[in-house]
Amino acid sequence: MPGIDKLPIEETLEDSPQTRSLLGVFEEDATAISNYMNQLYQAMHRIYDAQNELSAATHLTSKLLKEYEKQRFPLGGDDEVMSSTLQQFSKVIDELSSCHAVLSTQLADAMMFPITQFKERDLKEILTLKEVFQIASNDHDAAINRYSRLSKKRENDKVKYEVTEDVYTSRKKQHQTMMHYFCALNTLQYKKKIALLEPLLGYMQAQISFFKMGSENLNDQLEEFLTNIGTSVQNVRREMDSDVETMQQTIEDLEVASDPLYVPDPDPTKFPVHRNLTRKAGYLNARNKTGLVSSSWDRQFYFTQGGNLMSQARGDVAGGLAMDIDNCSVMAVDCEDRRYCFQITSFDGKKSSILQAESKKDHEEWICTINNISKQIYLSENPEEIAARVNQSALEAVTPSPSFQQRHESLRPAGQSRPPTARTSSSGSLGSESTNLAALSLDSLVAPDTPIQFDIISPVCEDQSGQAKASGQGGRRTNPFGESGGGTKSETEESILHQLFIVRFLGSMEVKSDDNPDVVYETMRQILAARAIHNIFRMTESHLLVTCDCLKLIDPQTQVTRLTFPLPNVVLYATHQENKRLFGFVLRTSGGRSESNLSSVCYIFESNNEGEKICDSVGLAKQIALHAELDRRASEKQKEIERVKEKQQKELSKQKQIEKDLEEQSRLIAASSRPNQASSEGQFVVLSSSQSEESDLGEEGKKRESEA
């Protein structure tokens with residue numbers, strides 16, 4: 001027999017959404033089993049009731065057995081051994097459909113009793129346990145809600161003791177009921193096999209013992225098959241008994257071990273706080289505003305995934321994004337007289353969420369974990385070691401902070417103590433991360449000892465003012481919306497495409513390859529890791545203008561162009577595979593480390609959830625530029641064709657004019673030569689052969705005219 005799918009009894013106390021979702025699959029499977037067994041029971045009862053309908057009833061049974069492999073059981077639907085066994089049974093029963101005489105008592109004992117017992121006892125037990133578990137779950141939820149509403153300022157020991165005792169009792173009842181319910185559902189996977197095979201085995205044995213005429217069909221091969229099935233049933237029963245005993249022992253062990261965890265707020269001395277976590281999951285109460293001053297609290301399962309905080313309702317298969325916690329701020333707050341509340345504020349301060357933990361331990365662990373994730377420690381190879389280094393700042397976040405601005409400023413490095421550009425080598429910023437690159441080696445993507453630039457050097461600085469004036473780019477204000485301020489228009493203003501985005505510069509570095517998107521992903525990884533290790537939080541905000549000619553970084557306050565990237569030189573662009581706010585492009589320039597060769601530099605930016613839009617805009621600009629270039633070439637080719645045609649027309653006109661002049665000259669020569677052919681003084685004019693021929697032809701023509 002293949003392996004049996006089981007519900008994890010060890011996870012009943014956590015009661016996670018994944019466990020509830022898996023429980024729903026088992027409950028759906030139990031319903032499908034009940035429906036199928038009811039059909040099989042009716043078919044076998046038809047055999048028992050009427051001997052004259054035995055042939056039709058056995059035919060229906062055979063048909064149902066053949067359709068077993070077509071049933072869509074959520075669990076065990078692809079059991080090939082069971083399907084082949086039932087197919088073999090269906091063939092034998094179809095051969096015995098001509099036998100009409102069956103003793104009802106033998107059928108009742110061998111066929112009807114096992115399936116009736118499974119239907120009336122086992123399936124009803126599942127339904128009863130399901131109702132009891134639902135009641136216990138509702139009681140536990142109600143007790144948790146009452147416990148969550150305990151006042152922090154007006155503490156009443158008696159009320160607190162009653163509520164805590166209620167939570168303990170309801171949680172213990174739910175845990176015990178849930179473990180027994182899981183055990184019953186797991187046992188059902190064995191019992192359904194027995195309930196299917198035992199009636200069929202009893203039916204066949206009754207047929208062998210009663211019908212002497214069945215000796216022709218019931219040969220030794222069939223008896224061997226039935227013996228094997230009987231042995232298989234016994235093996236399943238022994239395996240079930242052993243598994244039930246193991247599950248019962250597991251339930252007893254878990255009851256003893258989980259007794260301290262039934263208390264909602266355990267003793268912190270027995271359960272220490274883990275402050276170096278970069279991942280955490282558990283139930284939290286989320287505050288939702290329902291009016292100007294009113295609010296409601298919803299209990300949901302929260303977990304961290306990378307730099308995101310995810311939420312998942314009970315019974316859902318997967319969670320949804322609750323908040324982006326990269327570069328966020330987290331602090332403990334007092335909210336509506338509730339205990340263990342903390343507030344998460346996004347990096348731009350536009351979105352905030354207030355959550356309530358169940359215990360002081362969870363309260364501190366959630367704050368420390370989110371604080372570690374906000375510093376992007378999870379991107380490093382040893383996040384726990386790095387989290388231990390910043391543990392002091394995580395502990396400070398546990399106490400209530402006066403305001404978000406102070407907390408945000410405490411995370412921001414001092415602007416005067418940091419130069420505008422910070423450079424570090426890739427080996428120093430990445431540490432041991434460069435040794436475990438999964439897809440491509442570091443040397444094939446990034447040049448060795450490549451410095452990382454974390455800030456933009458504006459062309460309006462004094463050291464680059466001459467270069468800016470020479471290039472005609474520095475110090476000139478750019479109107480990103482295409483409105484002309486003077487009499488002339490620049491190339492950017494004449495462009496078809498004008499799209500403006502708000503971006504923040506993360507860094508740039510020279511790369512060796514510019515024909516693979518993995519170059520951009522690897523550069524993002526190295527720059528983000530270097531920022532996390534060196535605690536660089538400063539980012540220069542700019543306006544990125546995308547046109548058909550170039551990309552421009554514009555200062556948002558002075559509207560001065562900081563950098564210009566020609567669009568033909570942008571050879572590669574991509575967004576991050578998981579964080580769509582990150583995007584980058586590779587710029588191919590001349591020079592670099594070797595002035596005689598071309599170099600490629602990858603620039604990485606962060607946008608306000610518009611990374612894909614920026615890449616689409618750059619792609620659209622390149623398509624427009626390509627179509628414009630093709631149209632220009634087609635226009636030049638058409639003009640060249642027209643010039644060739646005009647030249648040919650002039651040559652043809654000139655040739656016709658020459659032929660016309662020659663004809664006119666020939667007529668003048670012929671006219672001047674006729675009266676001087678013979679003079680009166682007997683002088684003769686010598687004519688050329690062509691002129692003589694023309695004169696002879698003229699005389700012959702005159703003779704013909706006279707004859708006519």
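Student: Where is the place of glutamine 174 in this model?

Tutor: Glutamine 174 lies in helix H5. Please keep in mind throughout that the model is predicted.

Student: Is glutamine 174 buried or exposed?

Tutor: The general idea is a cut-off: a residue is called buried when its relative accessible area is under 20%. Glutamine 174 counts as buried because its relative accessibility is 5%.

Student: Which residues does glutamine 174 touch?

Tutor: Leaving aside residues up to four places away in sequence, glutamine 174 touches Asp15, Arg20, Phe133, Ala136, Ser137 and His140.

Student: Which other residue has a positive phi, in a loop between two strands?

Tutor: Asparagine 327, a residue other than glycine, has a positive phi near 60 degrees. Asparagine 327 sits in the loop between strand E4 (320–324) and strand E5 (329–335).

Student: Let us return to helix H5. What can be said of serine 170?

Tutor: Serine 170 is placed in helix H5 and counts as buried, since its relative accessibility is 6%. Not counting residues up to four places away in sequence, serine 170 touches Asp139, His140 and Ala143. His140 is also among the residues touched by glutamine 174.

Student: How is a pair of packed helices described?

Tutor: The description rests on the angle between the two axes and the distance between those axes. Here, helix H1 (residues 17–49) packs with helix H5 (residues 157–210) at an angle of about 30 degrees, and their axes are 11 Å apart. H1 is therefore roughly parallel to H5, as angles under 35 degrees are placed in that class.

Student: What is the handedness of the crossing of H1 and H5, and how do the residues of their contact divide by class?

Tutor: The crossing of H1 and H5 is left-handed. By class, their contact has 19 nonpolar, four polar and four charged residues.

Student: At what angle do helix H2 and helix H3 cross?

Tutor: Helix H2 (residues 54–66) and helix H3 (residues 80–95) cross at roughly 160 degrees, with axes that come within 8 Å. H2 is therefore roughly antiparallel to H3, the cut-off for that class being an angle over 145 degrees. The crossing of H2 and H3 is left-handed.

Student: How many helices and strands does the protein chain have, and what share of its residues count as buried?

Tutor: The chain has 15 helices and 16 strands. Of its 708 residues, 42% count as buried. The protein chain exposes about 38,900 Å², of which carbon and sulfur atoms supply 49%.

Student: What share of the contacts joins residues 24 or more positions apart?

Tutor: Among contacts in the protein chain with a separation of 6 or more, residues 24 or more positions apart account for 69%.

How values were computed: Residues are numbered from 1 along each chain as its sequence is written. This is a predicted model: local features need pLDDT of at least 70, side-chain atom pairs count only at pLDDT 80 or more; totals for chains, interfaces and linings use all residues. Side-chain values use heavy atoms; hydrogens and water are left out. Axes are lines fitted to C-alpha atoms, for helices over the stretch in contact, and angles run from 0 to 180 degrees between N-to-C directions. Helices (H or I, at least four residues) and strands (E, at least two) are DSSP runs, numbered from the N terminus. Angles under 35 degrees count as roughly parallel, over 145 as roughly antiparallel, 65 to 115 as roughly perpendicular and the rest as oblique. A crossing is left-handed if the near helix is turned anticlockwise from the far one by less than a right angle, and right-handed if clockwise. Ala, Val, Leu, Ile, Met, Phe, Trp, Tyr, Cys and Pro count as nonpolar, Asp, Glu, Lys and Arg as charged, and the others, Gly among them, as polar. Buried means under 20% relative accessible area, exposed over 50%, partly exposed in between (1.4 Å probe, protein chains only). Contact means heavy atoms within 4.5 Å. Accessible areas come from the Shrake-Rupley method with a 1.4 Å probe; for residues, only the protein chains shown count as cover.
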